[in-house]
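I opened the notebook to record what I looked up, one topic at a time. The entries follow the order in which I went through them.

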Amino acid sequence: MKYVEFDTSRPMDLVLLGRIAIDFNPAYNDQVKEEFKPLKDVHTFEKFVGGSPANIAVGVTRHGLKAGFLGKVSDDQFGDFVTEYFKGQGIDTSHVTRCTGGEKLGLTFTEMLSDRESHILMYRNCIADLQLHVDDIDEEYIRKSKALLVSGTALAESPSREAALKAVMLARKNNTKIIFDIDYREYNWTGSDEISIYYSIVAKEADIIMGSREEFDLTEKLIRPGMTDVESAAVWHGHHAEIVVIKHGMKGSAAYTSDGQSFSIKPFPVEARKSFGGGDGYGAGFLYGLYQGWEMIDCLEFGSAEASMMVRSNNCSESLPWTDEVHTFIKEEKEKFGEMLARV
């Protein structure tokens with residue numbers, strides 16, 4: 001069943017807009033294994049491309065979708081690193097441009113204290129990704145794509161927020177589906193009212209909204225605080241939303257469709273390496289299922305499986321799985337724990 005009708009005549013499946021960063025994670029490979037410990041005690045790191053929309057771009061490309069990106073990177077070797085990585089993955093970088101004012105890519109140093117407790121040390125002063133400008137938004141590029149995914153972090157500051165809003169307006173004008181990944185990160189925001197203002201503007205235009213319960217609470221603060229999942233879904237279905245996905249971490253997630261149906265899924269049990277990165281895998285897997293026209297519960301199951309695969313890995317981009325790897329993981333998990341393992 002198709003819950004969202006994508007224009008199959010368009011050459012690109014998905015254009016993503018938002019944050020590209022670099023992650024430095026404690027090394028964990030055949031040569032060096034940094035065990036769970038405070039960041040100050042880690043000596044060896046591994047470098048990866050990071051940032052939620054960047055990771056989702058990698059994830060959907062590994063599932064065979066054609067993805068492009070609207071973003072800014074630094075004009076230095078780190079900028080070279082991420083653009084070359086994107087090209088190697090098959091992601092179109094024609095609209096990933098260089099900063100001209102000396103702004104730098106965000107650097108994230110990860111602290112892994114246990115399988116359930118992780119923290120990040122983020123360097124985001126004079127940051128590159130928030131320099132995306134309205135002049136960087138190409139209407140023809142958006143018109144050629146079946147969908148536009150906007151990451152909520154892109155709304156945190158000008159000029160990026162205006163660029164993101166322009167992209168949303170042009171997507172609505174050209175009947176390009178809008179996906180809003182709320183993707184809240186506290187850095188760069190100045191207050192909760194500001195968050196609610198800009199998140200709700202994009203949420204009202206979005207065809208698909210994905211976020212945690214806490215992220216929906218931030219979005220709805222100035223609209224109607226304290227709503228249940230069902231109430232939240234009804235509010236956004238009253239605008240443009242066809243699908244609302246609300247995540248509850250280890251308790252699972254649910255999707256609400258505009259025809260009044262709801263579907264729930266539980267996480268697949270794994271031995272975790274870190275407590276983050278699952279959301280990016282979830283987004284990539286869930287969206288892949290939608291593009292294939294799967295039943296909603298199968299989209300959720302595939303996304304949930306990919307999320308579990310990512311929390312057991314040591315990074316958020318390089319370990320994103322290929323399609324057959326996710327199917328194999330689901331099969332093995334069900335053989336071990338039972339056929340209805342993840343389904344509520």
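**Entry 1: strand 11**

I noted at the start that this is a predicted model.

Strand 10, residues 208-212, pairs with strand 11 in the parallel sense, over 5 bridges. In that pairing I found Gly211 with Ile246 of strand 11 as its bridge partner. Strand 12, residues 253-257, also pairs with strand 11 over 5 bridges, but in the antiparallel sense. There Val245 stands opposite Ala255 of strand 12.

I then checked the turn. Strand 11 and strand 12 form a hairpin with 5 residues between the strands, and Gly249 has a positive phi near 60 degrees in it.

**Entry 2: cysteines**

How many disulfides does a search of the whole structure find? I wrote down 0. I looked up two cysteines anyway. Cys299 has 0% relative accessibility and counts as buried. Cys316 is buried too, at a relative accessible area of 4%.

**Entry 3: aromatic pairs**

I counted the aromatic pairs in the structure and got 14. One of them is Tyr282 with Phe286, a stacked pair with 6.3 Å from centre to centre and 25 degrees between the planes. Both residues belong to helix 8, residues 278-292, and because they are 4 residues apart there, about one helical turn separates them. I also noted that Tyr282 and Phe286 are both buried.

The pair of Tyr288 and Phe302 has ring centres 5.5 Å apart and planes at 45 degrees, so I recorded it as tilted. What does this pair tie together? Tyr288 is in helix 8 and Phe302 is in helix 9, residues 296-311, so the contact joins parts that are 14 residues apart in sequence. Tyr288 counts as buried at 10% relative accessibility. Phe302 is buried as well, with a relative accessible area of 2%.

Elsewhere I found ring pairs that link Phe24, Phe45, Phe78, Phe109 and Tyr123 into a cluster.

**Entry 4: salt bridges**

My count of salt bridges came from the whole structure and stands at 26. I looked at the one between Asp183 and Arg19, whose side chains meet at 2.9 Å, N to O. Where in the chain do the two partners of this pair lie? Asp183 is in the loop between strand 9 (177-181) and helix 5, while Arg19 is in the loop between strand 1 (12-17) and strand 2 (21-26). They are 164 residues apart, and the pair links distant parts of the chain. The cut-off for buried is under 20%.

Arg124 and Asp129 form another salt bridge, with their closest N and O atoms 2.9 Å apart. Both Arg124 and Asp129 are buried.

For Lys334 and Glu301 I noted a salt bridge of 2.8 Å, N to O. Lys334 sits in helix 10 and Glu301 in helix 9, so this pair ties together parts that are 33 residues apart in sequence. Both Lys334 and Glu301 are buried. I also found a network, in which Glu139, Glu140, Arg143 and Lys173 are joined by salt bridges that share partners.

**Entry 5: Glu325**

I placed Glu325 in helix 10, residues 323-337. Glu325 counts as partly exposed, at 39% relative accessibility. I also looked up Glu306, which is 19 residues from Glu325 along the chain; their C-alpha atoms are separated by 9.2 Å.

**Entry 6: a nonpolar surface patch**

Last, I asked which residues form a nonpolar patch on the surface. They are Ile197, Ile201 and Leu222, with about 240 Å² of accessible area together. I followed up Ile197, which lies in helix 5, residues 192-205. At 39% relative accessibility Ile197 counts as partly exposed.

Conventions: Residues numbered from 1 in each chain as written. Predicted model: local features only at pLDDT ≥ 70, side-chain atom pairs only at ≥ 80, totals over all residues. Heavy atoms only, no water. Patch = residues over 30% accessible without salt bridge, like charges linked within 9 Å, V, L, I, M, F, W, Y side chains within 5 Å. Areas by Shrake-Rupley, 256 points an atom, 1.4 Å probe, with all protein chains shown as cover. Salt bridge = Lys/Arg side-chain N within 4 Å of Asp/Glu carboxyl O. Helix = DSSP H or I, 4+ residues; strand = E, 2+ residues; numbered from the N terminus. Buried < 20%, exposed > 50% of the residue type's maximum accessible area, 1.4 Å probe, protein only. Pairing = 2+ DSSP bridges. Disulfide = S-S within 2.5 Å. Phe/Tyr/Trp six-rings, centres within 6.5 Å; stacked < 30°, edge-to-face > 60°.
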